[in-house]
Amino acid sequence: MNDQHQRAFFNDYSQPRIYMITLATVGRKPLLGTVIGNPRTPLGSKDTPKVKLTPIGWEVSRQIAHIKWAYPQISTPAWQLMPDHVHFIINVKEVLPTHLNSVIYNFIDECNKHNSVINGPDQPPLFEYNYHDRILSGKGQLQKMIDYIHDNPRRHLIRHLYQDYFTLRVINWEGETLQTFGNLNLLSFQHKIPVRISRRNNEEQIQQLVQQYLLLTQQGAILVSPFVSPGEKLVKEKALETGAPVIIILDNGIPPLFKPSGKLFERCALGKILLVTSFEYSSSKITPTKQRFEQMNMLALKLCKPT
């Protein structure tokens, strides 16, 4: 099987590693289940968000659990099915006799066979073969990823509940084409302040500037910046903590199916975030350059001009 998704060139996919695997259904069709529950209820209550699985969804879940029987070098400590995709953790504990691709493709083939039995012999393939893998290596990263995949049903319901805040839009701003994601109404506020803190500032100066910017947010200002320098990053962090709205200039375009993570996700649901970029999306790593940063800062200034 020809896998068109670029794997990490530096990684030996037969060696012990921990991966998060994501598989999408063909055409992103919601074949695996339906998300039910209330995203605002406490964890563990009867209305905690969960996925009500279809018969093929149950079979996919069973196949994940059975990977370890075909490959005893592997364990699957956590997984989460969503209507049109599935996340699961693969822990390669010992050297595999084959590339991880073979493990995933065999799993997909088994799911396809069962899909034909459950839903009829003329069914198209259930999953795309171009899966996504993420190598987990940092301290505490495994538990964070397990928490993330188990939180997917809640996040799914929140995105649908506040759909306007989780929509990618292309707009024209004073003759410039921009991509935006978040609360577009933040652009209409007249009191928008660009945030600039030089790397040459010492710690005391940075703290003073951070407090000045936070005071402006208490007076109703919206902060606008790429938030690149350490001082600017601190301003963004403190603003997010206090619930102040911010407009963040990105150094790359916004990819399809984009979803913010962590604090940004929660603030996005509250309408406190707008992401803006003038760049086209590139899947390649972005090399930071002075010219690129200047372009981002110029966009911040442009967005802050009274309209």
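Let's begin with helix α1, which covers residues 55-70. Its 16 residues reach 22 Å from the first C-alpha to the last, close to the 22 Å expected at 1.5 Å a residue, where the expected span is 1.5 Å times one less than the number of residues. Helices here are DSSP runs of H or I with at least four residues, and strands are E runs of at least two, numbered from the N terminus.

This is a predicted model, in which local features need pLDDT of at least 70, side-chain atom pairs count only at pLDDT 80 or more, and totals for chains, interfaces and linings use all residues. Residues are numbered from 1 along each chain as its sequence is written, and side-chain values use heavy atoms, leaving out hydrogens and water.

Back in α1, look for a kink of about 30° centred on isoleucine 64; the bend at a residue is the angle between axes fitted to the seven residues ending there and the seven starting there. Ile64 is also among the buried residues of α1, as are Ile56 and Val60 (buried means under 20% relative accessible area, with a 1.4 Å probe and protein chains only). The buried residues of α1 pack against β3 (50-53), β4 (74-75), β5 (79-81), β6 (85-92) and α2 (100-119), with contact meaning heavy atoms within 4.5 Å.

Now turn to α8, residues 290-304. Its buried residues include Arg292, Met296 and Leu303, and the buried residues of α8 pack against strands including β8 (168-173), β9 (176-182) and β13 (273-277).

Notes. Buried < 20%, exposed > 50% of the residue type's maximum accessible area, 1.4 Å probe, protein only.
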